[in-house]
Amino acid sequence: MHELSIATAVLERAAEEARRHAPARVTAVRVRVGELAGVVPDALRFSFDVARRGTALAAARLLVEEITATARCAPCGDDFAVGTPPFLWCPRCDRPTTRLLTGRELEITGIELEEASA
Amino acid sequence: MCRVIDVRQAVLAENDALAGALREELAARGTTVVNLLSSPGSGKTALLEPVLAAAVARGVPVAALTADLATENDARRLARSGAPVRQVLTGGLCHLEAAQLRGHLEDWPPDDTRVLFVENVGNLVCPAAYDLGEKLRVTLMSVTEGEDKPLKYPTAFGLAHLVVLTKTDIADAVGFDRVAFTQNVARVNPGVEILATSARTGEGLEVLVDRMLAVADGAAVHRPTMEGGRAAAARRAHVAPGPEPGRPHARGRHRRPGPESLTAPQP
């Protein structure tokens, strides 16, 4: 249940970014979470709701984009979804892959701001 | 009016940067960190006790830092080896972060320490997400935990530089299926070495110490696919001898000589 630590880190990063755009108010934080990031999106949303209370981002929503894990087989050039649990072998030529293309993302991609109304 | 600001930042950027700095700082001090991950009760402490003792017997200065939610029992057990030991109490936190580790490294371990073992909190989920500045990440599992554990906790096994199977002395009693286990490990982490060990019989302990000291001496470390496509050359250097890397192996053919070492056959 490290999602609370992750949510806190998301809030800190987003608050830092928001300060540069003050006095605009953050309405949402956009994150990308890969299938193999070891983070459960539902637990992250729950943790974010708890962690945001009493902060400058108390009204911000968390928008999670879930990223499918994919890999590339170097010999045949095929890209494939590794699935859950992951199978890091090419389904076409049955060789192990050394190249994961997506699935480990755990990043903030943007914040949505509402300008302070005049 | 509403607007969207593009940000492209890893959520754990701060931890990762700190871990990277720690890795460099420790390398300059000649110390290599080995991060040990497993479920509670897999036998991390029971394995680390003889590993520390073996290193001490070889005259290699090692130290250990052990993390638990509560109690200093593990530190007391490990200190019997004669190696310097510290206990980190996380106070309920389920994993160690680089900042916590750094807090203990101001004037510790002693300057000549070659390997610092970090026994992470017993948990196969959260610790996998946090780089501690280690050069070798070891995921352990005991034979009582079920052959499919690597599939249930793919991140912990998928990011391992080395997988250690523990309690092999009771493998037959619990009907542990080694072939299925190695296939499951190979599925999430192709090419990673698996060492079979028993703290009770001593199986695999010297080989484990050899592997850890070799890494401290600069030996190449396996690069898990899940870690990204970096350092393919280092990874190739670590694959067991035999068929060239990337070639399909006949079932069971990938096994290394000697009873202490299994290597992932084709899943």
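First, the conventions. Residues are numbered from 1 along each chain as its sequence is written, and chains are lettered from A and ligands numbered from 1 in the order in which they are written. Since the model is predicted, local features need pLDDT of at least 70 and side-chain atom pairs count only at pLDDT 80 or more, while totals for chains, interfaces and linings use all residues.

I start with chain A. It has two helices and six strands. Helices here are DSSP runs of H or I with at least four residues, strands are runs of E with at least two, and both are numbered from the N terminus. Reading from that end, the order is α-β-α-β-β-β-β-β.

What are the dimensions of chain A along its principal axes? The C-alpha trace spans about 60 × 30 × 15 Å. The radius of gyration of chain A is 18 Å, whereas a compact globule of 118 residues would have one near 13 Å. That radius is taken over C-alpha atoms, and the globule rule is 2.2 Å times the number of residues to the power 0.38.

Of the 118 residues of chain A, 43% are buried. Buried means that 20 or more other C-beta atoms lie within 10 Å of the residue's own; exposed means 12 or fewer, partly exposed is in between, and the C-beta atoms are placed from the backbone.

Now contacts. Two residues are in contact if their C-beta atoms, placed from the backbone, lie within 7 Å. Among contacts in chain A between residues at least 6 apart in sequence, 72% join residues at least 24 apart.

Chain A is also divided into domains, with bounds from an automatic or database domain assignment. Domain 1 is 1-68 + 103-118, and domain 2 is 70-101. Their centres, taken over C-alpha atoms, are 31 Å apart. Five residues of domain 1 of chain A are in contact with six residues of domain 2 of chain A. On the domain 1 side, that is one nonpolar, two polar and two charged residues. Ala, Val, Leu, Ile, Met, Phe, Trp, Tyr, Cys and Pro count as nonpolar, Asp, Glu, Lys and Arg as charged, and the others, Gly among them, as polar.

Next, a sheet within chain A. Three strands form an open, antiparallel sheet in the order β4-β3-β5. Strands pair if DSSP finds at least two bridges between them.

The link between the chains is the pairing of β6 (residues 106-114) of chain A with β1(B), antiparallel over seven bridges. In it, G110(A) has D6(B) as its bridge partner, and E107(A) stands opposite A10(B).

As for the whole interface, 35 residues of chain B are in contact with 36 residues of chain A. On the chain B side, β1 (2-10), α6 (154-158), α7 (178-188) and α9 (232-238) each supply at least two residues. β1(B) gives the most, with nine. By class, the chain B side has 21 nonpolar, nine polar and five charged residues.

Last, a strand inside chain B. Seven of the seven residues of β6 (residues 136-142) of chain B are buried, so the strand is largely enclosed by the rest of the structure. In a regular strand the side chains alternate between the two faces of the sheet. Here both faces are covered, with L136(B), V138(B), L140(B) and S142(B) buried on one side and R137(B), T139(B) and M141(B) on the other. β6(B) runs parallel to β2 (residues 32-37) of chain B, with four bridges, and parallel to β7 (residues 162-166) of chain B, with five. T139(B) is the bridge partner of L37(B) and stands opposite V163(B) in β7(B).
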